[in-house]
Amino acid sequence: MKRRNKIYLYMTVLFILVYIGLLTVLCLSEYTDSSATIRSFGDAFWYSLVTFTTVGYGDLIPVTPLGHAVGVVFLFMSAGIMMTLFGAVISFVTSEGFPLFLLGFQRKKNWYYFADYGAEANILAANIYKEDPDTLIIFGEKKDDQMEFPDYPCLFINVSPARIVSRKKNIGTKCKIFLMKENDIGVNSRAVDLHLLPVEVYARTTNGQDHLSGNIRFFHSYDCCARQYWRSKPLCSNENTIAIIGFGNYGRCILERAILTNVISVNQHVAYHIFGDAKDFLEMHRYLHKVFSLDEVSKDSDSLIFHDELWESRHEILEQADRIIICTDDEPQGWSIFWQLNRYYKLHGQIHLHSNRKAPGVSYFGTNEEIYTPNQIMRTALNQAAIMINDIFRKSVDYPTLSWERLDDFHRESKISAADHLLTKIRILLQDETITEYTAKTVERAYQEYCKTSKSEAVKDRYRRLDHMRWLRFYTFYNWSYGAVRDDGARQHPMLCPYTELTPEQKRERDAAWELLGSLMLELNKPKTGSKENVKDEESE
């Protein structure tokens, strides 16, 4: 690139020298003729401009033979210059120069930069524009001629994020950058040095990690799908057998969230039948046998039954299942399984299909429109209750604690798991399995019910036992084991034991998980910052 710039510089200098030389020759040759109209260097310069632009006023013309020769040279040069200028304009408009130029007029807008254009990026960009019309969407690649132009205003600019950010000039909000391909942060050349830019980075990952450092955050689309699934289609008290077909990225996350969230009764015995290769999963989570019955259905606890054989061979399981979840990573394969089940099996329960295609009569979940939304990807909706829980905890203790942004992944996941189960607690207290969202009203009603029913020692003991079950499953899932004293490095905890072996004081600690409903109620009922009520209060003061 430097060598090419030097060549351009040398050619420009040479052109200027030749041009000045021709003007000098023209001026000297015409000055010797008394009838000439070109009498000075300025006249020669004006004549050259009129000739180059093909205007041809005729006020100045050469009369000497040498002057005519220089005029001919100017005529040929004018054609070349005009073609060059025309080509430069076309190149500027059709290349990245023109879009970069346009950016300078839109600095006050909210910029969202996508490293690549794809189905997920397109859906997220459309949802962003739907929520915030004062948005500038930028895709970091050239628009393909075969590519259908999006339904929202956007720019395709094949330049680095650094060049885009430099055009923002720190005006308005920070630019947000999205890497939508899986684990793109380590391989995409556009991800280099993003941590040095004044931007917010959101990168798609498959490892479940939430935060790297500084301005880089990860989002896990499979985990978002799983959490949204169990929130919108929660486990019901009449369900004891669940079949999961497909144990890739989606199936694994569906099971993980079931393990962490689906605790609805102290007497439950839900059997999860998983069809797919689970060897690495079992090796990773080596203490699951302490809280689950593995490979054998139990009437005393939940069971995880992993099947190596094909799902087609287990008619008795599929026909008795209260729920069948089809969550293959390959969507056409999932649809094929769906049609085969409906055609050849006498089913008892409902089929839930992971699909981006919507069809009447099909209970589907995890569409791109549901997953790739600003609230999902930028983690403001799913984690709202978890962030509140952490803030409530920080206010309730006297010693220093970490803000949500500074929590490590384990403690952040602990808050998320507790928050997700709060919704389950609300359903239990209100005896309403249709509740799928937190609202101030439902939280308040649930807390009032808790205060009323927990006056009974037997009921309070059941509440404590239920949350201990959830807590045990969380820590066991992350490979913690029993230890006489807590040791985070060794992943040991003195409460990792059956509920009956806890001390009275340890049992009382489980009350905090239920009493969070009261603190959450107060938080949700607080007037919004900037609301009319706040303004009136400030004026009265």
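These legends describe close-up views of a predicted model. Residues are numbered from 1 along each chain as its sequence is written, and side-chain values use heavy atoms, with hydrogens and water left out. Local features need pLDDT of at least 70 and side-chain atom pairs count only at pLDDT 80 or more, while totals for chains, interfaces and linings use all residues.

**View 1. Strand β12 (residues 323-326) is covered on both faces.** R323 and I325 on one side are buried, as are I324 and I326 on the other. Buried means under 20% relative accessible area, with a 1.4 Å probe and protein chains only. Strands are DSSP runs of E with at least two residues, and helices are runs of H or I with at least four, numbered from the N terminus.

**View 2. Strand β12 pairs with β8 and with β13.** Strands pair if DSSP finds at least two bridges between them. Strand β8 (residues 241-245) runs parallel to β12 and is joined to it by four bridges; A243 has I324 as its bridge partner. Four bridges also join β12 to the parallel strand β13 (residues 350-354), where L353 stands opposite I326.

**View 3. The largest nonpolar core has 62 residues.** Such a core is a set of buried Ala, Val, Leu, Ile, Met, Phe, Trp, Tyr and Cys residues joined through side-chain atoms within 4.5 Å. F114, F178 and L255 touch the most other members. Helix α8 (residues 249-261) gives the largest share, seven residues. Another core, of 28 residues, lies apart from it and includes A385, M388, I416 and L520.

Note on methods
Buried < 20%, exposed > 50% of the residue type's maximum accessible area, 1.4 Å probe, protein only.
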